[in-house]
Amino acid sequence: MKALGLSFGRKMQNSEIMVKQVLKQLEARGFETHFIRMLDLDIKPCKGCTACVGSLLSGGSGACIIKDDFHIVEEAILEADAIVVCAPIYVWAPSGLFKTICDRMGPSHDLAFRTNAVEIAKKMGKEPAVDPRAFKPRAAAYLTVGGARTKNWTSLGLPQMYEFGSMGLHVVDALNVYAAMDYEHILANEEVMARLTEVGNHLADALETEGGLDKWYGDEGVCPVCHMDLLTILHDGNKVECPICGITGELTLVDGKIHVDFPKEEQERSRVLYAGKYEHFVEIRDSVKTMKKIPDLAQRLQEYK
């Protein structure tokens, strides 16, 4: 099997070494490994042109029309069985290049969009254009690292890493490292390095154990699906929402501790799962069909030029 490591940090610095520590363990478990330093690539931001959406809704491949190095990352992901991604945190959340990659992967690599593009192509009597490797089950682990000693300065790190999973990843572990500046280099933090070795073993176990892809190996969080601790207050009684999964639950105090009950039907529609992605596909598809048109749009835009 093949493992891919993506680092959004500097050469041989914390993010890169964290990824490589995981890959080292996967190599020891017999995986073929591939590493990409994302800062070495020319990756342009998404233009929001929706060409990928139009292509997929017509049974096409959803290929991006921007010409840059994105295809290198795309091919590496298609080949991988396990993926580990690490991004540095500069201001609360993963660095900008990480968000750029997530935007580029959005609908063009979304599992529901791709699945339905294949079905549309077959109904049209065409050979599906989506690469069949897109539907391979993959294990993933997310890592973030920030220098601040206060954990809340990295509060949006791991939650935003879930933006990467539009293609439908089985995230089995996640680790946020803060107070990184207490050490000259992450290599000096033996506890973290040992935990990264665990992450490598968890990725291997997930792929080599029956049912392993459906197991969570990391620290538990308030959400039973993504295992993160973020909550959005809905101002509707005691209802809250997981902003990563987009699912609703009820917050209560049990023995003085916060508890959130997410019903099974809500958990099953999490947007990190196919059902949630399909909801979004239907939303976009129907929006395209019912979009309100402005006959004199070109004329009305003139005053804003």
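In strand E3, which residue is the bridge partner of Leu-4? The partner is Ile-83.

The views below show a predicted model, in which local features need pLDDT of at least 70, side-chain atom pairs count only at pLDDT 80 or more, and totals for chains, interfaces and linings use all residues. Residues are numbered from 1 along each chain as its sequence is written, and side-chain values use heavy atoms, with hydrogens and water left out.

**View 1. Strand E3 and its partner strands.** Helices (H or I, at least four residues) and strands (E, at least two) are DSSP runs numbered from the N terminus. Two strands count as paired if DSSP finds at least two bridges between them. E1 and E3 are parallel and share five bridges, one of which sets Leu-4 against Ile-83. E3 also runs parallel to E5, with eight bridges joining them. Eight of the 10 residues of E3 are buried (under 20% relative accessible area; exposed is over 50%, partly exposed in between; 1.4 Å probe, protein chains only). E3 is therefore largely enclosed by the rest of the structure.

View 2. Thr-144 is buried, since its relative accessible area is 0%. Contact means heavy atoms within 4.5 Å. Leaving aside residues up to four places away in sequence, the residues touched by Thr-144 include Met-18, Cys-86, Ala-87, Ile-89, Leu-158, Met-161 and Leu-175.

View 3. E3 and E4 pair in the antiparallel sense over two bridges, and Val-91 stands opposite Ala-93 in E4. One residue separates the two strands of this hairpin; Trp-92 in the turn has a positive phi of about 70 degrees. Trp-92 is partly exposed because its relative accessibility is 44%. Tyr-90, Val-91, Trp-92 and Trp-153 make up a nonpolar patch on the surface, together giving about 510 Å² of accessible area. Patches are made of residues with over 30% relative accessible area and no salt bridge; like charges are joined within 9 Å, and nonpolar side chains (Val, Leu, Ile, Met, Phe, Trp, Tyr) within 5 Å. Accessible areas come from the Shrake-Rupley method with a 1.4 Å probe, and for residues only the protein chains shown count as cover.

View 4. In helix H3 (residues 70-79), the buried residues are Phe-70, Val-73, Ala-76, Ile-77 and Leu-78. These residues of H3 pack against strands E1 (2-7), E2 (32-37) and E3 (82-91), and against helix H4 (96-109). Helix H7 (residues 190-208) has 19 residues and should span 27 Å at 1.5 Å a residue, in agreement with the 27 Å between its end C-alpha atoms. The expected span is 1.5 Å times one less than the number of residues in the helix. Among the buried residues of H7 are Val-192, Met-193, Leu-196, Val-199 and Leu-203. The cover over the buried residues of H7 includes helix H1 (14-28), E3, strand E5 (139-146) and strand E6 (170-177).

**View 5. Salt bridges.** A salt bridge is a side-chain nitrogen of Lys or Arg within 4 Å of a carboxyl oxygen of Asp or Glu. By this rule the count comes to 23 salt bridges. In the one between Arg-29 and Asp-205, the closest N and O atoms are 2.7 Å apart. Arg-29 lies in the loop between H1 and E2 and Asp-205 in helix H7, so the pair ties together parts that are 176 residues apart in sequence. Arg-29 is partly exposed at 28% relative accessibility, as is Asp-205 at 24%. Arg-269 and Glu-279 meet in another salt bridge, at 2.8 Å from N to O. Here Arg-269 is in the loop between helix H8 (264-267) and helix H9 (274-290), while Glu-279 is in helix H9, so this pair links parts 10 residues apart in sequence. Salt bridges that share partners also join Lys-2, Glu-75, Glu-79, Asp-131 and Arg-133 into one network.

**View 6. The open sheet E7-E8-E9-E10.** This open sheet has four strands in the order E7-E8-E9-E10, with antiparallel pairing. Strand E7 (232-233) and strand E10 (257-261) are at the edges with a single partner strand each, so one side of each is left without a neighbour in the sheet. E7 and strand E8 (residues 239-242) are joined by two bridges, and Ile-233 has Val-240 in E8 as its bridge partner. Strand E9 (residues 247-254) and E10 are joined by five bridges; Thr-252 stands opposite His-259 in E10. E9 and E10 form a hairpin with two residues between them, and Asp-255 in the turn has a positive phi of about 55 degrees.
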